[in-house]
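Hi there,

Here is the structure I promised to pass on to you. Have a look at it first, and then read my notes below.

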Amino acid sequence: MNLFDVYPLQPITPERASGSRLWDVNGQEYLDLYGGHAVISIGHGHPHWTRRIQEQLHKISFYSNSVHIPLQEQLAEKLGKVSGKISYQLFLCNSGAEANENALKLASFHTGRKMVIAFQGAFHGRTSLAVSATDNKNYVAPVNETEHIRFLPFNDAESVHSFFQEKGNQVAAVIVEGIQGVGGIRVASAEFLQTIRCCCDQYGAVYIADSVQCGYGRSGQFYSHDYAAVTADIYTMAKGMGNGFPIAGLSIAPHIKPKHFQLGTTFGGNHLACAAALAVLEVIESENLMKNAGVLGEYLQRSIRALPELTDVRGVGLMIGFDYPETLQTLRNHLLFEKHIFTGEAKPRVVRLLPSLALTREEADQFLEALRESLKELQAAS
Ligand SMILES: Cc1ncc(COP(=O)(O)O)c(C=O)c1O
């Protein structure tokens, strides 16, 4: 049997990892500034995370949501505290797409409406409604095409306002990333997010903050929407939540009331996943990782801005993007194969940095040095 070939792969086989470093099967060391799509939040194989999972494994690893799982309550309490949303309710699932899928369904149940506003450049996942709200035709199968999703320009407060004036009474939800990730690290302005909040309040729509990539402390605040001082009705999260152990969740405002059987999952919130997620929050708190993300993010952005070849350096905390010119189009490969540094990409020529929130100043400096050298080497070769 062959693998279903949907991923273009790098010719690298990681064998072990620790902190922000990986080693491949040949013993080659890599610095990881990508974390496998922003997943590694507290560092590969963090000892506390490993211990918590191991200990849980020896007790009970799984039972379904038909019995009491106290670890879920502990996770809800910890998440409420660390995120500053103590009165919110937690629903646990397994992936970012599933979190958004459930958030959109819940908004529709809650309002009794069908229309969803999403934004150009958005990525919300690969499942049915989540992919319909994703602005990339290549991912949307004919069966996912729906009239219910309306795309508006990102960061255009006026268009949100006019749309609500015309059709506000039909809108179930607005789904928005505080910082678009796959869309190329585009930071939502405070005015834009505040306008969405006002319109949702005025017309009774649900504000869904897709925090799958930009949340969980990556921006230096727990949710990047916190910078705009807006509070969402539902926050969706995944990626950094389990530091590589699959777990996702919805943090749901108290005015949205649960009804039995409206949402459900077999695997979501299992014992092992909760242990992993609790370990992540404990480390975020004890190692002050949100502060680290803010400080190192500013340092990285400031240092990258000093390089004239690279333009439009942007982002918040450890979610950073910058553009590189066509003449340097092999930059990411050069960083990977010559300097052994993983980075992410967005189209057309954007480097995305999504390292662990525990990145150190020395690791940031190693990357900056490699970046400066790469620019010189590529220019000399052209
Ligand atoms: C903002 C955002 N939402 C949702 C998703 C989907 O998450 P998953 O791949 O876990 O389904 C992603 C994944 O990249 C994402 O970046």
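**What I found**

Helix α4 (residues 96–111) gives the largest share of the shell around the ligand, namely three residues. Please keep in mind that this is a predicted model. The shell has 15 residues, and those that come nearest to the ligand are G96, A97, G125, V212 and Q213. How do the residues of the shell divide into nonpolar, polar and charged? Eight are polar, five are nonpolar and two are charged.

Next, turn to helix α9 (residues 289–305). Its 17 residues, at 1.5 Å a residue, should span 24 Å, and this agrees with the 24 Å between its end C-alpha atoms. Which residues of α9 are buried? They are L289, M290, N292, A293, L296, G297, L300 and I304. Looking down the axis of α9, you will find these buried residues within an arc of 140 degrees, so they line one face of the helix. The elements that cover them include the helices α8 (271–286) and α11, along with the strands β13 (311–316), β14 (319–323) and β17 (350–353).

Helix α11 (residues 361–381) is also where you will find A370. Why does A370 count as partly exposed? It has 18 C-beta neighbours inside 10 Å, while a residue needs 20 or more to be buried and 12 or fewer to be exposed. Leaving aside residues up to four places away in sequence, A370 touches L335, K339 and I341. A370 and L335 are 35 residues apart along the chain, yet 7.2 Å separates their C-alpha atoms.

Enjoy exploring!

Best wishes

How values were computed: Residues numbered from 1 in each chain as written. Predicted model: local features only at pLDDT ≥ 70, side-chain atom pairs only at ≥ 80, totals over all residues. Near = placed C-beta within 6 Å. Helix = DSSP H or I, 4+ residues; strand = E, 2+ residues; numbered from the N terminus. Nonpolar A, V, L, I, M, F, W, Y, C, P; charged D, E, K, R; others polar. Contact = placed C-beta atoms within 7 Å. Expected span 1.5 Å × (residues − 1). Arc of directions from axis to C-beta.
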